[in-house]
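I opened this entry to record what I looked up in one structure.

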Amino acid sequence: MSQAKGGAAGVRKGFTLIELLIVIAVIVVLAAAVFVALNPAKRFSDARNARRQTDVQNVLSAIKTDQVDNGGSYVASVAALTAASNYVIGTNGSGCDAGCTAVTTQSACADLTALVTEGYLGSVPFDPSTGAATFTDYYITRAASGTITVGACDAENGSSIVVSR
């Protein structure tokens, strides 16, 4: 700090320009370090992946609960799926074979709105980034053995989001 001009020795009036610039530079460096350390883009993609994980688990739980409640029979739209083929979940009648990067899917979508009608799901979930009711960006597979697999088409950060029962 500099002394006041024309005043008594030892009386300080304010900060010099250099002192202010140094403090601002230190604050900028610290802010940049914190921003890089937190990596908000990764945090957002991790949050979207967590939502995808929850969504696929909820869909699979709804299908299995419906199966138990109906004496071992799947809801009609799941029972109609060709065994070992992947289907995007959605209400589109066709065009569902494009856009899923995790697996190769059939052209017809698997319409799971019956699970909503029957009360097993509040609504058919869709991908937080790219999904819609017509093309959820989630897929379903029914194995010949009866195992159901539900997964996310476009998980981020190299993740694979798949659940099976």
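I count two strands as paired if DSSP finds at least two bridges between them. Helices (H or I, at least four residues) and strands (E, at least two) are DSSP runs, numbered from the N terminus. I am reading a predicted model, in which local features need pLDDT of at least 70 and side-chain atom pairs count only at pLDDT 80 or more, while totals for chains, interfaces and linings use all residues. Residues are numbered from 1 along each chain as its sequence is written, and side-chain values use heavy atoms, with hydrogens and water left out.

**Sheet**

I looked up the strand order first. The sheet is open, has four strands in the order S3-S4-S5-S6, and pairs them antiparallel. Strand S3 (86-88) and strand S6 (162-164) are at the edges with a single partner strand each, so one side of each has no neighbour in the sheet. From one strand to the next, the twist averages 20 degrees; axes here are lines fitted to C-alpha atoms, for helices over the stretch in contact, and angles run from 0 to 180 degrees between N-to-C directions.

How many bridges join S4 and S5? I found five bridges, in the antiparallel sense, between S4 (residues 138-142) and S5 (residues 148-152). Within this pair, isoleucine 140 is opposite valine 150 of S5.

I then checked what lies across the sheet. Helix H2 (residues 40-69) lies across S4, S5 and S6 and runs at about 160 degrees to S5. Contact means heavy atoms within 4.5 Å.

**Glycine 72**

I found glycine 72 in the loop between H2 and helix H3 (76-79). Its relative accessibility is 43%, so glycine 72 counts as partly exposed; buried means under 20% relative accessible area, exposed over 50%, and partly exposed in between (1.4 Å probe, protein chains only). From the C-alpha atom of glycine 72 to that of valine 88, 16 residues apart along the chain, I noted 23 Å.

**Disulfides**

I searched the whole structure for pairs of cysteine sulfur atoms within 2.5 Å, which is the cut-off for a disulfide. The search finds two disulfides.

One joins cysteine 96 and cysteine 109, with sulfur atoms 1.6 Å apart. Its S-S torsion is about -80 degrees, so this disulfide is left-handed. Cysteine 96 and cysteine 109 both lie in the loop between S3 and helix H4 (113-117), so the pair ties together parts 13 residues apart in sequence. Are these two cysteines buried or exposed? Both cysteine 96 and cysteine 109 are buried.

Cysteine 100 and cysteine 153 form a disulfide with an S to S distance of 2.2 Å. The torsion about their S-S bond is about -95 degrees, so the disulfide is left-handed. Cysteine 100 is in the loop between S3 and H4 and cysteine 153 in the loop between S5 and S6, so parts 53 residues apart in sequence are tied together. Cysteine 100 and cysteine 153 are buried.

Counting bonded cysteines along the chain, I wrote down the pattern 1-3, 2-4.

**Cores**

A nonpolar core is a set of buried Ala, Val, Leu, Ile, Met, Phe, Trp, Tyr and Cys residues joined through side-chain atoms within 4.5 Å. The largest one has 23 residues, and those touching the most other members are Ile63, Val78, Ile89, Leu112, Ile140, Ile148 and Val150. H2, S4 and S5 each supply at least two residues of this core, and H2 gives the most, with five.

I also listed the contacts of valine 78. Leaving out residues up to four places away in sequence, valine 78 touches Ile63, Leu112, Ile140, Arg142 and Ile148. A second, separate core has seven residues, among them Val88, Cys109, Phe135 and Tyr139.
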